[in-house]
Amino acid sequence: MSTPTPFFTTLKDSVTSERTMWMGVLFYILLLCGLCTIKYHSFMYEDFDLAIDSQSTWNITHGSIQSSIHSIPFLGNHMRLILFPIALVYAIAPFPILFLYIQSIALGLGGLGIYRIAVPEIGRRWALALGTAYLIYPPLIYMNLYEFHPVSLATCFLIYMMLAYKQERFKRTLVFLFLAMSCQENIPLIAIGFGIYAYVDGRRGKWVTWPSVCGVG
């Protein structure tokens, strides 16, 4: 009886490992969406954040950026440009709970990104452990359950920015960097730091210039 070649054995292990990571991510998303739903329908979101971003996005869909809660345009509170693309989805499903689902999905997908970053560095088994550690990290779960904050979405975008950087995909790196910066006005500081990191890592030219210039801008 013939034995499997190393190539097919490696391929099988790779598919099994990634499938397991996907299962962990889906479990996280379903669990956190469920917990957010229970919390929402139990009137346990008592802070202003979910209300502010929900109202701001509703106003965007009606041609305004005003926030009556702050009595100023919402961009005068935080530069959350990410609410504009979110408004395209909100226009179809105008429910505040949508923000909680988007947040849960984004944070959950971060686990897959960490797994893919780690595989070439430490192997599939430890990468799976690292991705799982991310998904069960208590501060992450607390952030997920505590209100909705657009800046939390930057977690996912920055992870996939780093993945694209490791894969040397420059345009994709910039896309995720811009998405991260659109979440809040303090994220561009990370963009500047990323430009410095790229230089220390041996990259030159556009890898250093674009993140640094965009962050400063």
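**A friendly note on this predicted model**

1. Let's begin at the surface, where Phe-27, Leu-31, Leu-35 and Ile-38 make up a nonpolar patch with about 390 Å² of accessible area together. Patches consist of residues with over 30% relative accessible area and no salt bridge, nonpolar side chains being joined within 5 Å and like charges within 9 Å; areas come from the Shrake-Rupley method with a 1.4 Å probe, and only the protein chains shown count as cover.

2. A word on the basis: this is a predicted model, in which local features need pLDDT of at least 70 and side-chain atom pairs count only at pLDDT 80 or more, while totals for chains, interfaces and linings use all residues. Residues are numbered from 1 along each chain as its sequence is written, and side-chain values use heavy atoms, leaving out hydrogens and water.

3. Buried means under 20% relative accessible area, exposed over 50%, and partly exposed in between.

4. How many salt bridges are there? The count is 2, taking a side-chain nitrogen of Lys or Arg within 4 Å of a carboxyl oxygen of Asp or Glu. In one, Glu-18 pairs with Arg-116, the closest N and O atoms being 2.4 Å apart. Glu-18 counts as partly exposed at 22% relative accessibility, and Arg-116 is partly exposed at 33%.

5. Asp-53 and Arg-80 also meet in a salt bridge, at 3.0 Å from N to O. Both Asp-53 and Arg-80 are buried.

Conventions:
Buried means under 20% relative accessible area, exposed over 50%, partly exposed in between (1.4 Å probe, protein chains only).
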